[in-house]
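Please keep the structure open beside you while you read.

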Amino acid sequence: MIATLKILLSSLMMAVDELRVNKLRTFLSLLGITIGIFCIITVFTLTNSLERNVRSDLAALGDDVIYVQKWPWGGNGEYPWWKYMNRPVPEYKDFRTIQDKVQSASYVAFNFDVSSKKVEYGDDYMEGVTMMAVSNDFDKIQQMQIVQGRFFANTESNSGTNVAILGATVWDGLFSSPEQALGKSVRIMGREVKIIGLLKKKGESMIGGPNFDNAIVLPYRFARTLVDERRYADPYIQVKARANVSMSQLKDELRGTLRASHRLKPREEDDFALNEISSASESLNSIFGAINVGGFFIAIFALIVGAFGIANIMFVTVKERTSIIGLKKAVGARRGIILAEFLMEAVVLCLIGGSLGLVLVYLCTVVINLASTFQMYLSLNNVVLGLSISAGVGILAGFIPAYFASKLDPVVAIRSN
C-alpha cells in the first residue's frame, strides 16, 4: 500500500513537471476546460441567484400574509378579467371589520398607492414618485429598512398628521444624504409634509412588488385628503396570520367575515380576492427546475469542447513518451501504474482549469454585485460541482489515451524512437 502511494505521488510530481515544461500545450488545454467550467457554473450561478432573488422578493411580501384585493393573482390559461372588473375595491370599513372580527390575524393594514407624483423641496423636485398611503402596523407586515428616523407613531397615523418617509431614490435626489433630509419638509400635491424617516436603498423588485426606493410613504388618513382612493387608486388590505395559525385557517375566517360583511348569499361568488404568496412560490419550483435543465444542456457543449481538447493533448503526450513508457514497463511498472499516471495528469490539468474557471465566476459575481442591485451568489454547492465536473472530465478525456499507454508492448515502445 505504501509503495503504491509512493508510486502515485511520484506520478503526480511527474504530471506537474510535464505541465510546467510544456507551457503552451498546457495553456491551450487549460483554456478549453476553463471556458467550459466558467460557462456551466456561470449558468448555474445565474439561475440560482435569480431564484434566490425572486424568492427573497416573495418573502419580503410576506409568506404568512394574505392580500385582500379586487383582482386575483395569476391564474392558469386565459385570465377572466370580465368576471372581476365590476367587483368593488376593498374599503376602509372592510379593514376595520377584519381588525375587529378576524381572530386569527395578528396585524392588518389598509394601503393604496398612486404613481407619477411630484415631490418638491425648495426649487428642486422629483417627478414620477409613487405616493404610498399606509395605515397602522404596515411596518410590522412589510419589510421596511429605515436608515434614519422612524416609522409613523399610532397617534400620527390615527390623526392623519402630515409626516412622510422617503425612499432612497427620492431623498438622494433632493438631499444627497439621509442626515440632511431628516426633519426637513417637502411638498406633495401642494401640501407640506415633514420627513421623519428615510429608507435604505433596496432595488426594484423582480416580481413587481412595491418599489420603496422611488416612493414617498404617507399615513393613510393624511393621504386620503389628497387622493380619493376609491376613484384613483387600487386599495388593498394586508392580513398577517398569528403564530401557529395556518394560511388556510386564516383564509377561511377572512372569507366568512367578508362575505357576511358584504351580505353575500350562499350561492353568490366572492366579490373579493384573497391572494397569498405561497401559491406563487410553489409554481417557482417547476419553473426554475426547467431553467436549470435547459442551462445545463446549453453549458455542457462548452465542456465537451474542453474534453476533446484534453483528450487530444493526452494522445500527443502518450505519443511523445512512448519510449519512456516502454522503459518503465521493462523495469517492472504495472499497467495500473501507467494508467494511473496518465489519468492523474489529465485530472490535474482539468482541476487547475476548473479552479481558474471558478475564480473567473467569483470575480464576475463581485463586479455584478458592486455595479447593480441584483445580487449574485456563488454557492459552495456550485464550487464543489465545478471541481467534480473538472475531475470527471479529466477521467473521461484521459482514460482512452491512458489505456492505450498502459497496453503498449515494452519492446515495441522502446524501439519506437
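## About the model

This is a predicted model, in which local features need pLDDT of at least 70 and side-chain atom pairs count only at pLDDT 80 or more, while totals for chains, interfaces and linings use all residues. Residues are numbered from 1 along each chain as its sequence is written, and side-chain values use heavy atoms, with hydrogens and water left out.

## Helix 11 and what covers it

Let's start with helix 11, which runs over residues 247-261. Helices here are DSSP runs of H or I with at least four residues, strands are runs of E with at least two, and both are numbered from the N terminus. Helix 11 has 15 residues and spans 21 Å from its first C-alpha to its last, close to the expected 21 Å. That expected span is 1.5 Å times one less than the number of residues.

Which residues of helix 11 are buried? They are Met-247, Leu-250, Lys-251, Leu-254, Thr-257, Leu-258 and Arg-259. Buried means under 20% relative accessible area, exposed means over 50%, and partly exposed lies in between, using a 1.4 Å probe and protein chains only. The cover over these buried residues includes strand 1 (65-69), helix 4 (92-101), strand 2 (105-121), strand 9 (236-241) and strand 10 (273-276). Contact here means heavy atoms within 4.5 Å.

## Backbone angles to look at

Most residues other than glycine have a negative phi. Arg-263, which follows helix 11, has a positive phi near 55°. Asn-244 has a positive phi too, near 70°, and is found in the loop between strand 9 and helix 11. With a relative accessibility of 83%, Asn-244 counts as exposed.

You will find Ser-176 in the loop between helix 7 (168-175) and helix 8 (178-181). Its relative accessibility of 55% makes Ser-176 exposed.

## Leu-182 and its contacts

Leu-182 is partly exposed, at 33% relative accessible area. What does Leu-182 contact, leaving aside its neighbours within four places in sequence? The partners are Gln-148, Gly-149, Ile-195, Ile-196, Gly-197 and Leu-198. Gln-148 is 34 residues away from Leu-182 along the chain, yet their C-alpha atoms are separated by 7.1 Å.

## A nonpolar surface patch

Val-359, Leu-360, Tyr-362, Leu-363, Val-366 and Leu-370 make a nonpolar surface patch of about 580 Å². Patches are built from residues with over 30% relative accessible area and no salt bridge; like charges are joined within 9 Å, and nonpolar side chains (Val, Leu, Ile, Met, Phe, Trp, Tyr) within 5 Å. The areas come from the Shrake-Rupley method with a 1.4 Å probe, and for residues only the protein chains shown count as cover. Tyr-362 lies in helix 14 (residues 335-371) and is partly exposed, at 49%.

## Salt bridges

Side chains of opposite charge can pair when their charged atoms come close. A salt bridge is counted when a side-chain nitrogen of Lys or Arg is within 4 Å of a carboxyl oxygen of Asp or Glu, and the count comes to eleven. In one of them, Glu-91 pairs with Lys-93, their closest N and O atoms being 4.0 Å apart. Glu-91 is partly exposed at 29%, whereas Lys-93 is exposed at 56%. Arg-150 and Glu-156 form another, with closest N and O atoms 2.9 Å apart; Arg-150 is partly exposed at 39% and Glu-156 is buried at 11%.

Asp-213 also forms a salt bridge with Lys-201, at 3.9 Å between the closest N and O atoms. Both partners lie in the loop between strand 7 (191-199) and strand 8 (215-219), so the pair ties together parts that are twelve residues apart in sequence. Asp-213 is buried at 4%, while Lys-201 is exposed at 52%. Elsewhere, salt bridges that share partners join Arg-255, Arg-259 and Asp-270 into one network.

## Cysteines

How many disulfides does the structure hold? The number is zero, where a disulfide would be a pair of cysteine sulfur atoms within 2.5 Å. Cys-350 is buried, with 0% relative accessibility, whereas Cys-364 is partly exposed at 33%.
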